[in-house]
Amino acid sequence: MHDRVGKSYSILHLNKFLYVVNRSEESVSITLEDVKQNPVVDACIRKGNEYLGVMGFTEHSYRHINLVSSIARNILEKLGRPQRECELAAIAGYLHDIGNVISRNDHGISGANIAFTLLLNMGMPPEEVCTVASAIANHEEQYGYPVNSVAAALIVADKSDVHRSRVRNQDFATFDIHDRVNYAASHAFVYVNDDRRTITMELSIDIEICPVMEYFEIFLTRMMLCRRAANYLGCNFELVINGAKLL
């Protein structure tokens with residue numbers, strides 16, 4: 001009986017695998033708009049952001065993912081990369097935090113797994129799926145690395161979104177360091193200069209709320225990852241805070 005159950009289980013998983021493979025053989029050019037219309041994606045984004053709110057994290061909903069998607073696309077467009085590659089960067093940007101629906105811990109890894117199956121079932125070519133999934137898996141500073149140009153653009157785009165509108169906690173007296181850093185930032189922008197081969201992150205921070213050194217206390221590893229990402233794209237990374245170039 002146990003052996004029969006085991007065989008049935010194996011056949012079920014084989015059929016699921018063959019279903020995914022068959023769908024991938026019918027590859028189509030999936031766009032960002034296709035991804036946005038997927039109800040599974042929508043549910044994961046909404047519920048993931050809801051769960052993070054319960055835990056006291058900053059906003060990770062449509063504002064954040066749409067901005068990261070747009071910046072990631074823009075970085076590659078400014079550097080003259082192929083349009084399809086730019087579209088994949090936009091898709092990776094939109095999906096990069098989808099793993100928060102599982103857990104905040106290692107959400108890049110869980111998000112890559114969700115995106116891998118989801119995009120294959122939507123009909124995206126396997127090589128493109130691999131590109132997007134690897135970018136999502138590598139966007140966090142704890143273990144991330146710019147393994148391809150889409151990953152590099154996603155890293156810079158995600159780490160550039162520092163802004164007071166992301167803070168959900170309304171009680172300033174109870175702000176932690178992440179709340180203070182985000183609330184202090186009134187302006188954040190990424191400039192790409194293809195001629196000079198530079199990617200510049202420009203921030204305006206109210207030092208009465210958060211000293212520049214406090215920003216570096218939690219963001220230094222992120223900026224080092226941004227530098228590595230810019231280098232992968234053949235550029236130098238620059239950080240400008242309140243008009244002063246710090247990197």
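Q: In which sense do E2 and strand E3 pair, and over how many bridges?

A: Two strands pair if DSSP finds at least two bridges between them. Strands (E, at least two residues) and helices (H or I, at least four) are DSSP runs, numbered from the N terminus. Here E2 and strand E3 (residues 236-241) pair in the parallel sense over six bridges; Leu-203 has Ile-241 as its bridge partner in E3. This is a predicted model, in which local features need pLDDT of at least 70, side-chain atom pairs count only at pLDDT 80 or more, and totals for chains, interfaces and linings use all residues. Residues are numbered from 1 along each chain as its sequence is written, and side-chain values use heavy atoms, with hydrogens and water left out.

Q: What unit do E2, helix H10 and E3 make?

A: A crossover is right-handed if, with the strands pointing away from the viewer, the path from the first strand over the helix to the second runs clockwise. E2, helix H10 (residues 212-232) and E3 make a β-α-β unit of the right-handed kind.

Q: In which sense do strand E1 and E2 pair?

A: Strand E1 (residues 185-193) pairs with E2 in the antiparallel sense, over eight bridges. Phe-189 has Glu-202 as its bridge partner in E2. The two strands form a hairpin with four residues between them, and Arg-197 in the turn has a positive phi of about 55°.

Q: Why is strand E2 described as largely enclosed?

A: Buried means under 20% relative accessible area, exposed over 50%, partly exposed in between (1.4 Å probe, protein chains only). Six of the eight residues of E2 (residues 198-205) are buried, so the strand is largely enclosed by the rest of the structure.
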